[in-house]
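Welcome! Take a look at the chain first, then read on.

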Amino acid sequence: MGLAVMILGLALFLGMHTLPTQRRLRTRTVAALGEGGYKVAFSLVSLLGIVLIAWGFAHYRAAGMIDVWERSVSPKTLVILKHITVGLMLPAVILVVAAYLRGHIYKAVKHPMLAGVKLWAAAHLLANGDLGSIILFGSFLAWAVFDRISLKRRADAGGPPIPVGGWGNDMIAVAVGIVAYLALAFAFHPVVIGVPVVGV
């Protein structure tokens with residue numbers, strides 16, 4: 001039941017986030033709902049998707065995760081993979097922050113948000129060999145790859161240009177990214193997710 005709810009949440013969240021890649025469909029939707037109505041619908045459906053993903057995955061874990069490859073890997077290899085995941089998460093978080101504090105990182109990567117999501121998803125696929133995790137992180141990885149490809153093929157930029165700053169924005173992005181990374185590692189992940197990542 002939990003896995004099915006999670007998949008439903010993924011369909012809602014990623015389906016809604018795929019809508020901007022379909023320019024004609026998005027234009028028709030905005031025309032029908034209005035710009036404000038579109039934004040409200042986008043936010044509500046996305047929020048519902050997140051809630052269903054979180055609820056479904058939590059219940060899936062509580063019922064007993066379905067192993068795919070994790071038990072076939074030696075404990076030492078699994079520890080190494082988890083350390084790699086922890087290491088990859090720092091640049092992933094910095095990239096996500098750099099999507100909002102645009103500087104040289106943004107200009108070099110072009111789409112740091114998608115790059116951060118891809119790195120986050122790929123990193124978690126390394127450390128989680130159960131079916132639910134593979135579906136969860138694999139779905140986000142597939143969406144990010146699809147969205148990046150679609151950006152190259154769009155005839156329009158999808159919105160007004162946002163000013164890009166200099167090295168100051170990069171320094172702030174790195175500093176905020178490090179703080180967010182530490183908060184995720186020491187507070188959010190062990191308390192909210194229930195999985196410690198430091199000292200394991």
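In other words, the chain has seven helices and zero strands. Please keep in mind that this is a predicted model.

**Overall shape**

- The chain has a radius of gyration of 18 Å, close to the 16 Å that the globule rule gives for 200 residues, so it is as compact as a globular protein of that length.
- If you like to picture dimensions, the C-alpha trace spans about 50 × 45 × 30 Å along its principal axes.

**Burial and contacts**

- Of the 200 residues in the chain, 34% are buried.
- Among contacts with a separation of 6 or more, 74% are between residues 24 or more positions apart.

**Where helix 3 meets helix 7**

- Helix 3 covers residues 75-98 and helix 7 covers residues 167-193; the two pack with their axes 8 Å apart, at an angle of about 130°.
- On the helix 3 side, the contact is made by Val86, Met89, Leu90, Val93, Ile94, Val97 and Ala98.
- Facing them from helix 7 are Ala173, Val174, Val176, Gly177, Ile178, Ala180, Tyr181 and Leu184.
- By type, the residues of this contact comprise 14 nonpolar, one polar and no charged.

Technical notes: Residues are numbered from 1 along each chain as its sequence is written. This is a predicted model: local features need pLDDT of at least 70, side-chain atom pairs count only at pLDDT 80 or more; totals for chains, interfaces and linings use all residues. Side-chain values use heavy atoms; hydrogens and water are left out. Axes are lines fitted to C-alpha atoms, for helices over the stretch in contact, and angles run from 0 to 180 degrees between N-to-C directions. Helices (H or I, at least four residues) and strands (E, at least two) are DSSP runs, numbered from the N terminus. Contact means heavy atoms within 4.5 Å. Ala, Val, Leu, Ile, Met, Phe, Trp, Tyr, Cys and Pro count as nonpolar, Asp, Glu, Lys and Arg as charged, and the others, Gly among them, as polar. The radius of gyration is taken over C-alpha atoms; the globule rule is 2.2 Å times the number of residues to the power 0.38. Buried means under 20% relative accessible area, exposed over 50%, partly exposed in between (1.4 Å probe, protein chains only).
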